Amino acid sequence: MGHSVSWTKGRILLIVGRLGLAVVFLIAAYAKLRPASSGPFSLDSLRLSLSFFALQIDSYQLLSTNYVNFVAHTLPFFELLLGLWLLSGWRLRIPASLASALLLGFFGVMVRTYALGLEINCGCFGPGETLGKMTLLRDGSLLALSLAVTIGAFWTRSARGGDAAVPAPVPQKAE
Amino acid sequence: MADFIRKASYETALLISAVILAGVSLPAKTHGQAKTRRRPVPHAVVKDAAPVKTYGSHSAPITMEVYSDFQCPSCRGLYEQALRPLINDYVASGKVYLVHKDFPLPMHAYSYEAARWANAAAEIGRFAEVEAALYDNQAAWSADGNVQKYIAAALSPAEMKRVEKLMVSCHGAASTGGCPLDSWIEKDATAGHTIPVQQTPTSIITYRGQHYPVTGAVSYKFLKQFFDQLLGQ
């Protein structure tokens, strides 16, 4: 017999959580980058989607106009990168920590916006999605999942002194 | 060795299953998003309705409908920061057809009254002047309810007389139901509820049959950027 049952269960949960988080980030990136018009994907359609996303960010009234375009043009690609990194599982502690930090930032902004009574488009999974209690609950759950994956990634590493993607040494059971 | 292979196979199978599951759920979710994003606006743009609360040409490639409340500070922000320069630039050059839609919120004591004055002014072709006066002086009439004062300042005495005539049966809460101008306001509000408009301002930008909903006040810089992208398609 190899790993203990709890160790195996922990690893399964970590894999499921990691993949779930990866899918969420990939969907979020796709929703922002997909053509905003009915035409095919092209450089023009990408520019249109990003300028529409900039409108959503601007409506938050949180960032100065100088930063809106920067965030609108980098965030979807960062989410795409993070989604692919999480999917690969390579050095999990890094993408998991980045995902947690990003989701914590999003959640903070959403709570602030909701508290101010600005019931605006959150733009989390593309435009047209109004910020409300359900979006707060959803993003809160995602943050909890991300934190759990981050803790799991660190725990797995410290438990076996290596990285999550490397197979752990098999403890031998006493005969 | 056999143990290691068994464990590796187990993990690989789990990984493949999870990827397949993710692959199955991805198109379903994005399809849902596509529905949200490309939600058809279930009403036609009323281009020939009186009173005229529009700016620019019907044949402009972009139509922007703005559901707003004259007493809402964000609507004022949108008007002052984005719509005013938009009217002077994209509307004047025939690129944008701007449509005002009344969506007075019950939480604002004087917004319905202001909408009545604006509709009365629109009936005599003076909507633009009155809209500007209402937003420019929003803080003042929101405090004391004296909307009429600012309407009078925006119109000539003869125009004001015509507008007052239209407003005869519209003063005060007691007139609810008896004011002919209310039907125009309700028509806009009903159209807004079917979208549904959940806050003011809400703008529906239409280009080549595609609708782009934008909620909240946005800066002219980003509106212009988006319009330039649309027109460059």
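## Chain B at a glance

Chain B has nine helices and five strands. This is a predicted model, by the way. Walk along the sequence of chain B and you get the pattern α-β-β-α-β-α-α-α-α-α-α-β-β-α.

Out of 233 residues in chain B, 43% count as buried. Take the contacts in chain B between residues at least 6 apart in sequence, and 76% of them join residues at least 24 apart.

## The sheet in chain B

The five strands make an open sheet, ordered β1-β3-β2-β4-β5 in chain B, with mixed pairing. At the edges of the sheet stand β1 (54-55) and β5 (210-215) of chain B; each has a single partner strand, so one side of each is left without a neighbour in the sheet.

Further in, how do β2 and β3 of chain B pair? Strand β2 (residues 62-68) and strand β3 (residues 96-102) of chain B run in the parallel sense, over seven bridges.

Past β4 comes another backbone detail. B:Arg208, in the loop between β4 and β5 of chain B, has phi near 50°, which is positive although the residue is not glycine. Is B:Arg208 buried or exposed? With 11 other C-beta atoms within 10 Å, B:Arg208 is exposed.

## A helix pair in chain A

Over in chain A, helix α3 (residues 65-88) and helix α4 (residues 93-115) have axes that come within 9 Å and cross at roughly 140°. That angle is why α3(A) and α4(A) count as oblique to each other, and their crossing is left-handed.

Which residues meet there? From α3(A) there are A:Leu82, A:Trp85 and A:Leu86, and they meet A:Pro95, A:Leu98 and A:Ala99 of α4(A). Sorted by class, the contact has six nonpolar residues, no polar ones and no charged ones.

The loop between α3 and α4 of chain A holds A:Arg91. Phi of A:Arg91 is near 45°, again a positive value in a residue other than glycine. A:Arg91 has 14 C-beta neighbours inside 10 Å, so A:Arg91 counts as partly exposed.

Notes
Residues are numbered from 1 along each chain as its sequence is written. Chains are lettered from A and ligands numbered from 1 in the order in which they are written. This is a predicted model: local features need pLDDT of at least 70, side-chain atom pairs count only at pLDDT 80 or more; totals for chains, interfaces and linings use all residues. Axes are lines fitted to C-alpha atoms, for helices over the stretch in contact, and angles run from 0 to 180 degrees between N-to-C directions. Helices (H or I, at least four residues) and strands (E, at least two) are DSSP runs, numbered from the N terminus. Angles under 35 degrees count as roughly parallel, over 145 as roughly antiparallel, 65 to 115 as roughly perpendicular and the rest as oblique. A crossing is left-handed if the near helix is turned anticlockwise from the far one by less than a right angle, and right-handed if clockwise. Two residues are in contact if their C-beta atoms, placed from the backbone, lie within 7 Å. Ala, Val, Leu, Ile, Met, Phe, Trp, Tyr, Cys and Pro count as nonpolar, Asp, Glu, Lys and Arg as charged, and the others, Gly among them, as polar. A residue is buried if 20 or more other C-beta atoms lie within 10 Å of its own, exposed if 12 or fewer, and partly exposed in between; C-beta atoms are placed from the backbone. Two strands pair if DSSP finds at least two bridges between them.
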